[in-house]
Amino acid sequence: MSDTILICDDEELIRWSLCEHLEQEGFHTLSATNGKECLEAVREHAPALVVMDLKMPVMDGLTALRSLRETDPDLPVIVITAHGGVESAIEATRLGAAGYIAKPFDLREATIAVRRALAENRLRREVHYLRARDRGGYAEIVGDSPAMRRLFETLQRLERIDAPTVLVQGESGTGKDLVARAIHGRGPRKTGPFMEIDCTALPEHLFESELFGHERGAFTDARATKRGLFEVASGGVLFLDEIGELPLGMQAKLLRALENRKFRRVGGVADIPMNVAVIAATNRTLRDEVKAGRFREDLFFRLHVVPIEVPALRERREDIPVLVHHFVEKLNKSFGRNVKGTSGASMELLQRYRWPGNVRELRNVIERTVILLQEDVIQPVDLPPELRFQGGGGAAAATQGCPFVLPEEGVDLEGVERGLLEQALARTGGNQSAAARLLGISRYALRYRMEKVKPPGQTG
Ligand SMILES: Nc1ncnc2c1ncn2[C@@H]1O[C@H](COP(=O)(O)OP(=O)(O)OP(=O)(O)O)[C@@H](O)[C@H]1O
Ligand SMILES: [Mg+2]
């Protein structure tokens with residue numbers, strides 16, 4: 001499918017000739033007549049490249065370029081400079097323009113500049129993507145944020161250490177399963193088995209025989225001797241998922257086995273040596289469970305030898321574009337689609353959302369969206385309502401000049417105002433000037449409004 005090029009120039013002749021020529025060269029083109037229109041077109045159509053004149057009415061090219069650098073840092077922009085406009089060409093390059101063509105220019109020269117910038121950009125994106133995807137060889141775990149890099153460093157250290165216990169903590173859907181499998185798959189026990197058990201799945205008595213096995217006749221149903229997971233996983237890894245849900249009685253038995261590095265089958269008398277590394281995962285904060293008396297402190301310390309925190313997605317929003325790309329590519333392959341990605345406005349919504357279900361929720365949203373998608377770029381309207389109506393609004397959720405959509409049942413305007421003030425203050429850590437900037441008002445106006453919406457009876 002051909003790349004879309006946005007031509008932005010106030011001179012009709014230049015617009016027309018560039019569009020004509022690039023269309024002949026197999027590109028798809030769009031045009032805009034000033035910087036403001038250019039920004040709108042970029043948000044709406046997510047072009048692959050922009051060719052932009054610097055001198056334009058309403059909003060000039062440098063202003064538009066500055067704004068594009070903030071919202072679409074990866075979008076290549078080629079600027080058209082007037083004869084002798086060296087200063088502005090330098091400034092444009094400094095602002096990250098992918099190249100420039102000087103007026104009067106030859107159309108072939110323009111095409112070459114466009115092709116070169118597109119190729120460079122494709123390469124850069126690919127490198128970035130591969131680096132994020134294959135960092136440390138953990139091909140399945142996508143992410144390049146500082147938090148994820150720290151995680152990869154820990155994983156890399158674990159490749160050489162045969163840690164007896166690892167504790168993986170993180171909210172639901174952050175990728176704890178992936179992490180556990182990566183530890184096994186690249187660690188010293190990779191040739192051994194990987195067995196997993198969900199600690200919520202079984203009642204206590206069954207759990208014990210599942211883990212340690214039982215001798216024939218140990219209880220009524222025990223017709224034959226059965227080896228437990230600790231034996232079956234010998235030489236490998238036992239993954240205890242949702243360890244926070246393990247009943248207290250079982251916690252004691254597990255601790256004893258881990259401490260002694262041996263165990264007995266239920267009903268058995270012989271000690272069986274243990275040759276298993278345990279990876280435990282939980283989406284609860286185990287320390288809090290200890291405080292609440294639901295988790296044994298001694299077992300907590302035993303597991304906590306190598307703690308791994310998998311960060312929530314909202315704490316690493318910079319990973320969202322590369323995760324989206326990853327899921328779109330996967331879906332393109334499995335469904336034979338050619339979805340190119342998201343428009344800038346959609347990405348804004350994706351990056352702003354809180355993602356309570358973390359990467360799993362993101363994957364589900366992208367899956368649903370791609371399956372239903374008619375066009376080849378994901379627009380805000382294609383996204384589910386919880387993303388479109390987050391109260392920040394993207395281009396498509398917006399009505400003229402207002403980014404919010406009034407719900408059917410109406411709103412409590414003061415409540416909305418209070419909510420926005422609180423969110424702005426929370427996001428800026430209570431910094432009033434920064435909060436005021438987020439809301440587009442003065443600090444004085446912010447204080448006035450805070451006073452106004454304060455719930456009755458509250459002072460200070
Ligand atoms: N960093 C990542 N890169 C690519 N895919 C990811 C990443 N993190 C999570 N996923 C995907 O998100 C989904 C959920 O991940 P996973 O099952 O590992 O989460 P979890 O933390 O174990 O969740 P739960 O607490 O509910 O068990 C999976 O499909 C997984 O492949
Ligand atoms: Mg899991």
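Trainee: What is the handedness of the crossing of H17 and H18?

Mentor: Two packed helices are described by the angle between their axes and the distance between the axes. In this predicted model, the crossing of H17 and H18 is right-handed; a crossing is left-handed if the near helix is turned anticlockwise from the far one by less than a right angle, and right-handed if clockwise. Helices (H or I, at least four residues) are DSSP runs, numbered from the N terminus.

Trainee: Which residues of H17 and H18 make the contact?

Mentor: H17 contributes Leu420, Ala424, Leu425 and Arg427, and H18 contributes Ala435, Leu438 and Leu439. Two residues are in contact if their C-beta atoms, placed from the backbone, lie within 7 Å.

Trainee: At what angle do the axes of H17 and H18 cross?

Mentor: The axes of H17 (residues 413-427) and H18 (residues 432-439) cross at roughly 130 degrees and come within 8 Å. Axes are lines fitted to C-alpha atoms, for helices over the stretch in contact, and angles run from 0 to 180 degrees between N-to-C directions. H17 and H18 are therefore oblique to each other: angles under 35 degrees count as roughly parallel, over 145 as roughly antiparallel, 65 to 115 as roughly perpendicular and the rest as oblique.

Trainee: Why does ligand 1 lie between domain 2 and domain 3?

Mentor: Domain 2 (146-310) and domain 3 (319-388) both give residues to its shell, so ligand 1 lies between them; the bounds come from an automatic or database domain assignment. Helix H7 (176-186) and helix H15 (358-372) each supply at least two residues of that shell. The centres of domain 2 and domain 3, taken over C-alpha atoms, are separated by 35 Å.

Trainee: How are the numbering and the confidence limits set?

Mentor: Residues are numbered from 1 along each chain as its sequence is written, while chains are lettered from A and ligands numbered from 1 in the order in which they are written. As this is a predicted model, local features need pLDDT of at least 70, side-chain atom pairs count only at pLDDT 80 or more, and totals for chains, interfaces and linings use all residues.
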